[in-house]
Amino acid sequence: MTLFGALRLPRNLVVGAGQRATLPAYARALGQRALVITDERLAEDPEFCAMVDGLRNAGVTTEVFSRTIAELPASCIAEGLAVGQSFSPDLIIGVGGGSCMDAAKVISLLLTHGGQPSDYYGEFKVPGPVLPVIAVPTTSGTGSEVTPVVVISDPARSVKVGIASPHLIPHTAICDPELTYTCPPSLTAISGADALTHAIEAFTTARRPYSHKAVQEHVFVGKNALSDHFALLAIGHISASLKLAYDNGTDIVARERLMLGATAAGLAFGTAGTAAAHAIQYPIGALTHTPHGVGVAVMLPYVMAFNREHAGGPLAEVAEAMGLNTQGLSVDDRAGAAIDAVTKLFASVGIPDTIAGLGVLADQLPFVAEQAMGATRLIKNNPRPLDAKSMSVLVQAAFYGDRTQLSA
Ligand SMILES: NC(=O)c1ccc[n+]([C@@H]2O[C@H](COP(=O)([O-])OP(=O)(O)OC[C@H]3O[C@@H](n4cnc5c(N)ncnc54)[C@H](O)[C@@H]3O)[C@@H](O)[C@H]2O)c1
Ligand SMILES: [Fe+2]
């Protein structure tokens, strides 16, 4: 095997308690007119207001758009774009969860290159650099602050769609765990479980045949030596801190570890990609209107079990990264231990154990399977090849809570 590594990163990335104080100077270095994208809840938050004051005190003329809606329906993008067109910013700042950061990224794209979001669906459709984005996450979850992707709910499509381009990677990411102290337990669980899913899917994703063209032909290039490093870092921190932060939102160390882990997971999947758990969440989210993070989390243990015989080595390493006692266990048993530990961790933070628990109905399973197969960039990343038949087995297992049919 030839050693292959690839990373695409923001120009600046800072993680740590209180680091939001760096925002005015980072913004000042990029321009004089900042459009800040957030949502109505955050716009009222004292920490958010202090950040806006900090920008203005530093001489940055600042306009706030606060009508971002969770899961990013296209209508709120159009509204934010209109505000941007009349304000003419030279930089965009996204403050919030994945929805607000994705809104900032896509509004920057549309202000720079015009058109509709649908003009850019898919990979490598963004023609060139976009207005610089500073991303400031307030959940420890999506990793959007470092990733090349935006996920949109388009009413013309039955499932969510992505725009993936290295041009969409924020210029600067400021990851301050103090901004997550207000996350209630359920949001902590859901966004943290999304992050762990990013890390495990990136680490177990298929390794592609070695090629000099991979990084130009694909935004997501599969398992590689550099994304692996960040995936393992993320798995260690998230698995050690998720339950602690869920139980006690004021556990400062747990909040720090969760944020570092979520950003590291973004660095891993932003290059390697995610796989079947993410593909299957898209139709589940569309049918049940449940958040992205809970859908991928319900699917993850089933996807790990489905992949067990094709990704045994990497799954065994996941067990090590989670700090499990694996002494004397075979590779396959260590893989099994990782699957059991993820199942137990997610149950302990209130994640349902089946997709029926999310509201999926038995007669919707064919739709779920068919739409999931349509997410080809995610399907091709899965370490065990998927076809219509095996996808159907996988979604049935996740519906009935029965993993016995999943081995290869
Ligand atoms: N671009 C990417 O790389 C990427 C990756 C994964 C998911 N996503 C997308 O990100 C979105 C999900 O993002 P998310 O899980 O961060 O949630 P979110 O941004 O959708 O926010 C969910 C809710 O949490 C609230 N919230 C956010 N921060 C808070 C805080 N500190 N305290 C209290 N409430 C807070 C928001 O106001 C909102 O009501 C989905 O649209 C998903 O598709 C994007
Ligand atoms: Fe995700």
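Tutor: Happy to! Of the 26 residues around ligand 1, the nearest are Asp39, Ser99, Thr138, Thr139 and Thr147; a residue is near if one of its heavy atoms lies within 4 Å. This is a predicted model, where local features need pLDDT of at least 70, side-chain atom pairs count only at pLDDT 80 or more, and totals for chains, interfaces and linings use all residues. Residues are numbered from 1 along each chain as its sequence is written, chains are lettered from A and ligands numbered from 1 in the order in which they are written, and side-chain values use heavy atoms, leaving out hydrogens and water.

Now for the polar contacts (pairs of N or O atoms within 3.5 Å). Thr139 places a polar side-chain atom 2.8 Å from an oxygen atom of ligand 1. Nitrogen atoms of ligand 1 also take part: one is 2.9 Å from a polar side-chain atom of Thr182, and one is 3.1 Å from an N or O atom in the side chain of Arg41. On its own, ligand 1 has 860 Å² of accessible area, and the protein covers 89% of that (Shrake-Rupley method, 1.4 Å probe).

Which parts of the fold build the shell? At least two residues each come from α5 (98-113), β7 (149-152) and α6 (185-204), and α5 gives the most, with four residues. Here helices (H or I, at least four residues) and strands (E, at least two) are DSSP runs, numbered from the N terminus.

Terms used
A polar contact is a pair of N or O atoms within 3.5 Å; within protein, one must be able to donate a hydrogen and the other to accept it, and residues adjacent in sequence count only if both atoms are side-chain atoms.
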